[in-house]
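Hi,

Here is the model we talked about, with the sequence alongside. Have a look at it first, and then read on for my notes.

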Amino acid sequence: MRLLIIGSVALDSIKTPFGKADKALGGSATYFSLAATRFASPAIVAVVGDDFKVSDEKILKAAKIDVSGLQKARGKTFTWGGEYSFDLNSRLTLFTHLNVFENFKPQLSPAHKKSRYVFLGNIHPSLQIEVLQQIEKPKFVGLDTMNYWIEKTPKELATVLKLVDVLIINDSEARQLSKEHNLVKATKKIFLMIKKNSTIVIKRGEHGLLLFGHGSSMFHLPGYPLEDAADPTGAGDSFAGGFFGYLAKTDDVSWPNLKKACVYGSVMASFCVEAMGTKRLEKISDGEIKQRIKDFKNLTHFDTY
Ligand code: AMP
């Protein structure tokens, strides 16, 4: 099934207690597609500037990601800078420069318009809407956002929230969006802001995630207990990539399959964190993915009697 992602392709400057990266390949669309490509064939819709390196584009192409929707514009590529605390759980955004994204007008190709699975990655909500309106018959649409857009573009965000089947956000964003501390209460409030019968995934960093479905269905998955955590940048997008890649591959959005997709997403996020930037995602073997899915099963399985 065709899978499309609109999001940022960025040059990130990252500082963690364990390493540093400057102008490293990053962005929501990058992390999402590097994870999704292990299960499906993702296509990116984004824009980069004339400082975007051929070697970075090669990384995306080598991973068999469709970059025909990656426009090149005059100016600078989107840049983001972040610094993490010692426990890697909280981060400070040092700067966000939209650069070429300020004037980006996404025009989808006829093939991309036929995408059935669509992920509106973290980027201006108006761009998310513009892309979604061009898709002819989307089957399952996901959305990510962050504090930057919750604060700067609340109206546009409210509009796009009504158009998606799954909202994937982290716990602090859920609290900010709902103005509610308790996550179960926050989710109840967010359900009133989104399309009827949609699903919400709340990511909780190293503590895993909560999946909320129709009625009172709920699923909880721990984070994979990693021995080597270096850089959480892009973990959320890698989760979304694994989650959507698995759904697109199986073409099944039932509740039991959404739970499985959470495991595939969590596996990809756990790999992402093991090295700075995209480095670990670029070279995971199929065997390592299979093994970590098994590890997750062993980690969470128990017999009742
Ligand atoms: P995550 O750690 O999953 O939240 O994603 C981090 C990635 O999001 C980085 O690679 C950044 O380039 C990108 N990013 C940060 N802020 C924004 C923003 N306001 N809009 C789009 N992408 C962003």
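Let's start with phenylalanine 243, which sits in helix α9. Its relative accessibility is 0%, so phenylalanine 243 counts as buried. Bear in mind as you go that this is a predicted model. Leaving aside residues up to four places away in sequence, phenylalanine 243 touches Val166, Ile168, Val201, Leu258, Ala261, Cys262 and Gly265.

As a general point, nonpolar side chains in soluble globular proteins tend to be buried together.

Leucine 120 is another one to click on. Again not counting residues up to four places away in sequence, leucine 120 touches Ile6, Gln128, Leu132, Val141, Gly142, Leu143, Asp144, Val160 and Val164.

Now for the ligand. There are 21 residues around it, and the closest are Ser8, Asp12, Gly27, Gly234 and Asp237. By class, that shell splits into 10 nonpolar, 8 polar and 3 charged residues. Several elements supply at least two shell residues each: β2 (10-16), β6 (78-84), β7 (91-97), α5 (147-152) and α9 (235-250). The largest share, 3 residues, is from α9, the helix that also holds phenylalanine 243.

Here are the polar pairs I'd look at:

- Serine 8: an N or O atom of the side chain is 2.8 Å from a nitrogen atom of the ligand.
- Glycine 27: here a backbone N or O atom is 2.7 Å from an oxygen atom of the ligand.
- Arginine 91: a polar side-chain atom lies 2.9 Å from an oxygen atom of the ligand.

How much of the ligand does the protein cover? On its own the ligand has 500 Å² of accessible area, and the protein covers 95% of that.

Strand β2, one of the elements that supply the shell, also contains threonine 16. Threonine 16 counts as buried because its relative accessibility is 9%, and buried here means under 20%. A polar atom of its side chain lies 3.0 Å from the backbone oxygen of alanine 230. Beyond residues up to four places away in sequence, threonine 16 touches Tyr84, Leu88, Ala230, Asp231 and Met276.

Leucine 88 is in the loop between β6 and β7, and its phi is near 65°, a positive value in a residue other than glycine. Is leucine 88 buried or exposed? At 13% relative accessibility, it counts as buried.

Asparagine 99 has a positive phi too, near 50°, and is likewise a residue other than glycine. You'll find asparagine 99 in the loop between β7 and α3 (110-113). With a relative accessible area of 28%, asparagine 99 is partly exposed.

Cheers

Terms used
Residues numbered from 1 in each chain as written. Predicted model: local features only at pLDDT ≥ 70, side-chain atom pairs only at ≥ 80, totals over all residues. Heavy atoms only, no water. Near = heavy atom within 4 Å. Polar contact = N/O pair within 3.5 Å; in protein donor to acceptor, adjacent residues only side chain to side chain. Areas by Shrake-Rupley, 256 points an atom, 1.4 Å probe, with all protein chains shown as cover. Helix = DSSP H or I, 4+ residues; strand = E, 2+ residues; numbered from the N terminus. Nonpolar A, V, L, I, M, F, W, Y, C, P; charged D, E, K, R; others polar. Contact = heavy atoms within 4.5 Å. Buried < 20%, exposed > 50% of the residue type's maximum accessible area, 1.4 Å probe, protein only.
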